[in-house]
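Student: I would like to learn how to read a protein model. Can we go through one feature at a time?

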Amino acid sequence: MAGTGASSLNRAEQFIWLTARVLEQRRFAHHFLAGSADAVETALTAYLNEDGGYGHALEPDLRGPVSQPLHTAHALNVLDSIGRCSGLRVERICRFLTDVSTKEGALPSLLPSQRGYPAAPFIPLVDDPPAELLATGPVVGLLHRNAVWHAWLFRATDFCWAAVDALEHSHPYEIEAAVAFLDGAPDRARAEAAADRLGRLVREQRLAVLDPERRAEYPVAAGYAPGEQHFPYDYARTPDSLARRWFTDEELERSLDHLASEQQADGGWPLNWRQWAPGTALEGRLDGSSPLPASIRAHAPLP
């Protein structure tokens, strides 16, 4: 088993050096080769705009230079992964989040400034975009988890609680955004109660493939690509996530075995969401929002 894991990591490393952007190369080196966190932060700075937000296709499905909440959330994930989610850079990010928030004090997925630049056709571009848990929940949870305190968080946290409490019939990405919020929410008792309810919802609505060998029996959410199903590791991104309690050891182990089996001949993993351009598909296989890097880091053996 250990040999298989080493072989898988070696092939993934070759995929990184062959195809990755500098940022992903630096991230891989930091996580697996004792590379410098400074080098990761320097590479991330290339995507930073003067308004404190991030752009330049940091999130591969949005092209062009303009700052967007999804790019900026991606940048926060990078900073979190190297232990740098604090200080002046995060203060600037919070000012950007304040500036682009809706009247509810929360984040839309896509600002109209994207107009004129290529973007994935499944991300709607409207003049007055609504606040969404999908965009807001992961950012709020991450900032709370890193003990960041900023005025923007007060209303954004209230928005997330209201959105989570209102969830009844949902879909995988929305539940994952809710979990990302709950894993960092300061009110732990309330977060645990909400997570327990969402776990029951996930199982009742069959939103997680619990047996990969019977994958065809699990529904695909409306609007998702064929085969765009989610597995226990998509919800429980870390061993201490509240979503870890939703699945038995056997269910999680089966899902991780399935993930390992999905490694392609080139050393990378496939995408299961809609692909709309060759370059973005390749970058999607490399960035931190794809299942590969997050799952490798989240479920690596604890020291």
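Tutor: Start with burial. A residue is buried when its relative accessible area is under 20%, exposed when it is over 50%, and partly exposed in between. Keep in mind that this is a predicted model.

Student: Is Tyr233 buried or exposed?

Tutor: Tyr233 has 5% relative accessibility, so it counts as buried. Phe231 is buried too, with a relative accessible area of 3%.

Student: How do I describe a pair of aromatic rings?

Tutor: Use the distance of the centres and the angle of the planes. Phe231 and Tyr233 are 5.7 Å apart centre to centre, with 5° between the planes, and this pair is stacked.

Student: How many aromatic pairs does the whole structure have?

Tutor: A search finds eight. One of them joins Trp17 and Phe28, with ring centres 6.3 Å apart and planes at 75°, so that pair is edge-to-face. Trp17 sits in helix α1 and Phe28 in helix α2, 11 residues apart. Trp17 is partly exposed at 37% relative accessible area, whereas Phe28 is buried at 9%. Ring pairs link Trp17, Phe28 and Phe32 into a cluster.

Student: Now helices. Which way do their residues point?

Tutor: An α-helix has 3.6 residues a turn, so residues three or four places apart point the same way. Now look at α9. Its buried residues are Ala191, Ala194, Ala195, Leu198, Gly199, Leu201 and Val202. They lie on the same side of α9 because they cover an arc of only 160° around the axis. On the other side, Ala189 and Glu204 are exposed.

Student: What do the buried residues of α9 pack against?

Tutor: They pack against α7, α8 and α10.

Student: What span should helix α9 have?

Tutor: At 1.5 Å a residue, its 17 residues should span 24 Å. The end C-alpha atoms are 24 Å apart, which agrees.

Student: Which residues touch the most other members of the largest nonpolar core?

Tutor: That core has 72 residues, and the ones touching the most other members are Leu143, Trp152, Ile175, Leu182, Tyr235 and Trp246. Helix α7 supplies the largest share, eight residues. Beyond its neighbours within four places in sequence, Trp246 is in contact with several residues, including Ile175, Ala195, Leu198 and Tyr235. A second, separate core of five residues includes Phe15, Ile16, Phe28 and Leu286.

Student: Where is Asn49 found?

Tutor: Asn49 is in the loop between α3 and α4. Asn49 is buried, with a relative accessible area of 17%. Its side chain reaches the backbone oxygen of Pro65 at 2.8 Å.

Notes:
Residues are numbered from 1 along each chain as its sequence is written. This is a predicted model: local features need pLDDT of at least 70, side-chain atom pairs count only at pLDDT 80 or more; totals for chains, interfaces and linings use all residues. Side-chain values use heavy atoms; hydrogens and water are left out. A nonpolar core is a set of buried Ala, Val, Leu, Ile, Met, Phe, Trp, Tyr and Cys residues joined through side-chain atoms within 4.5 Å. Buried means under 20% relative accessible area, exposed over 50%, partly exposed in between (1.4 Å probe, protein chains only). Helices (H or I, at least four residues) and strands (E, at least two) are DSSP runs, numbered from the N terminus. Contact means heavy atoms within 4.5 Å. The expected span of a helix is 1.5 Å times one less than its number of residues. The arc is that of the directions from the helix axis to the C-beta atoms. A polar contact is a pair of N or O atoms within 3.5 Å; within protein, one must be able to donate a hydrogen and the other to accept it, and residues adjacent in sequence count only if both atoms are side-chain atoms. Rings of Phe, Tyr and Trp (its six-membered ring) pair if their centres lie within 6.5 Å; planes under 30 degrees apart count as stacked, over 60 as edge-to-face and the rest as tilted.
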